[in-house]
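Welcome, and thank you for taking a look at this protein with me. Let us walk through it together, one place at a time.

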Amino acid sequence: KHRGGWCFSLNRLAFELLRGIGFRVQLTLARVCKPKQYGDPIVYGNFSHRISIVRFEDGTKYAFDIGFGKTSFYPLQLTEGAMVDYLGHKRRLIKVIHNLSEPEILGNPAQEMWRLEEYLGEDKWIPCYAFTEQQFYDVDCDVGNFTACFSPKSTFINVFWCIQATLDGTFYLLLGNELKVQ
């Protein structure tokens, strides 16, 4: 319908391309937990973000995501503290325990997850999303994709988005009728 795409469509394309050229790749889903501003509480949402994990014969694994803002162009190795710096836009992976402070629900214990964080400067990191290495399938994407398309809470339907990244690291963001250059 000429509406563009977000993580579910962009990362599905990347998944199929990687698989098509011979990589061992799996689909996984993440819980978005990015606060509106630094210092706000971290709240894990539903499985509303799609990423891929690429596995190599030597056992190394990489998170590959081209659908979540700046520096989504480069894979991050699934190791504690792995970081990518793309022209000053930094991201890292850390291990966190999800639901550690909450009581077990239906007997499910706290869960170790990878959390992707974005650097804000001045030693400040803000969480973006968290995921496990669990295998998901295309049918599992339906609810998250539907939510992104139709939920009144979705950031994608309340404001028109258009983003262009350049090779020099500049990002042009058209959000509604406001143009931002970063």
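Aspartate 123 counts as exposed, at 66% relative accessibility; here exposed means over 50% relative accessible area, buried under 20%, and partly exposed in between, with a 1.4 Å probe and protein chains only. You will find aspartate 123 in the loop between E7 and E8. Its phi is positive, about 60 degrees, although aspartate 123 is not a glycine. Glutamate 122 lies in the loop between strand E7 (111-121) and E8 too, and has a positive phi of about 55 degrees, again without being a glycine. Glutamate 122 is likewise exposed, with 69% relative accessibility. As background, most residues other than glycine have a negative phi.

A word on what you are viewing. This is a predicted model, in which local features need pLDDT of at least 70 and side-chain atom pairs count only at pLDDT 80 or more, while totals for chains, interfaces and linings use all residues. Residues are numbered from 1 along each chain as its sequence is written, and side-chain values use heavy atoms, with hydrogens and water left out.

Now step back to the whole chain. The protein chain has three helices and eleven strands; these are DSSP runs numbered from the N terminus, with helices being H or I of at least four residues and strands being E of at least two. Along the sequence, their order is α-β-β-β-β-β-β-β-β-α-α-β-β-β. The radius of gyration of the protein chain is 17 Å, close to the 16 Å that the globule rule gives for 182 residues, so the chain is as compact as a globular protein of that length. That radius is taken over C-alpha atoms, and the rule is 2.2 Å times the number of residues to the power 0.38. Buried residues make up 35% of the 182 residues.

Serine 52 is one place to look inside. Serine 52 sits in strand E2 (residues 47-55) and is buried, with a relative accessible area of 1%. Leaving aside neighbours within four places in sequence, serine 52 is in contact (heavy atoms within 4.5 Å) with residues including Asn11, Phe15 and Tyr62.

Not counting residues up to four places away in sequence, threonine 132 touches Thr28, Ile53, Gln111, Glu112 and Met113. A polar atom of the threonine 132 side chain also lies 3.2 Å from the backbone nitrogen of glutamine 134.

Note on methods. Polar contact = N/O pair within 3.5 Å; in protein donor to acceptor, adjacent residues only side chain to side chain.
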